[in-house]
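Hi,

Here is the structure I promised to pass on. Have a look at it first, and then read on for some notes on its aromatic rings.

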Amino acid sequence: QMQLVESGGGLVQAGDSLRLSCAASGSTFSSYNMGWFRQAPRKERELLARISQSGGMTAYVDSVKGRFTISRDNAKNTVYLQMNSLKPEDTAVYYCAARMSLIGPWDYWGQGTQVTVSS
């Protein structure tokens, strides 16, 4: 079993930056592909970015490409999401998730952290 705990959310203004962290415990972190998702009110949860076990491969949804960066530190069992040039439409609850396989369902989820961007 893996436990994931997100942190770093908050209230910021448009154009500001935030860095989210997701600390993992309970399993071998470096064995898992990691992803960041978000869910805005009345919208479905969407995958924003994912990173491979070693960190050598990353992928992003078009809406955050060039603004958000996913990274990981396997020595610290932590995955990060650096968010720059935030927009009001980035307001959502942000979740990290883990899966061993490269594709398919995500095995573990964090509880989420709220990000609110004011205009």
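Is Trp-109 buried, partly exposed or exposed? Trp-109 is partly exposed, as its relative accessible area is 34%. Please keep in mind that this is a predicted model.

Now to the ring pairs. Searching the whole structure turned up 3 aromatic pairs. One of them joins Phe-37 and Trp-106 in an edge-to-face arrangement, with 5.4 Å centre to centre and 90 degrees between the planes. Phe-37 belongs to strand S4 (residues 33–39), while Trp-106 is in the loop between strand S9 (92–99) and strand S10 (108–109), so this pair ties together parts that are 69 residues apart in sequence. Phe-37 counts as buried, at 7% relative accessibility. Trp-106 counts as buried too, with a value of 14%, because the cut-off for buried is under 20%.

Phe-37 also pairs with Trp-109, and here the arrangement is tilted: the centres are 4.6 Å apart, with 55 degrees between the planes. Since Phe-37 lies in strand S4 and Trp-109 in strand S10, this pair ties together parts that are 72 residues apart in sequence.

Arg-99 lies over the face of Trp-106, 4.0 Å from the ring centre. Elsewhere, Arg-45 has its charged end over the ring of Tyr-95, at 3.9 Å from the centre of that ring.

Best wishes

Notes
Residues are numbered from 1 along each chain as its sequence is written. This is a predicted model: local features need pLDDT of at least 70, side-chain atom pairs count only at pLDDT 80 or more; totals for chains, interfaces and linings use all residues. Side-chain values use heavy atoms; hydrogens and water are left out. Rings of Phe, Tyr and Trp (its six-membered ring) pair if their centres lie within 6.5 Å; planes under 30 degrees apart count as stacked, over 60 as edge-to-face and the rest as tilted. Helices (H or I, at least four residues) and strands (E, at least two) are DSSP runs, numbered from the N terminus. Buried means under 20% relative accessible area, exposed over 50%, partly exposed in between (1.4 Å probe, protein chains only). A charge sits over a ring if NZ of Lys or CZ of Arg is within 6 Å of the ring centre and within 35 degrees of the ring normal.
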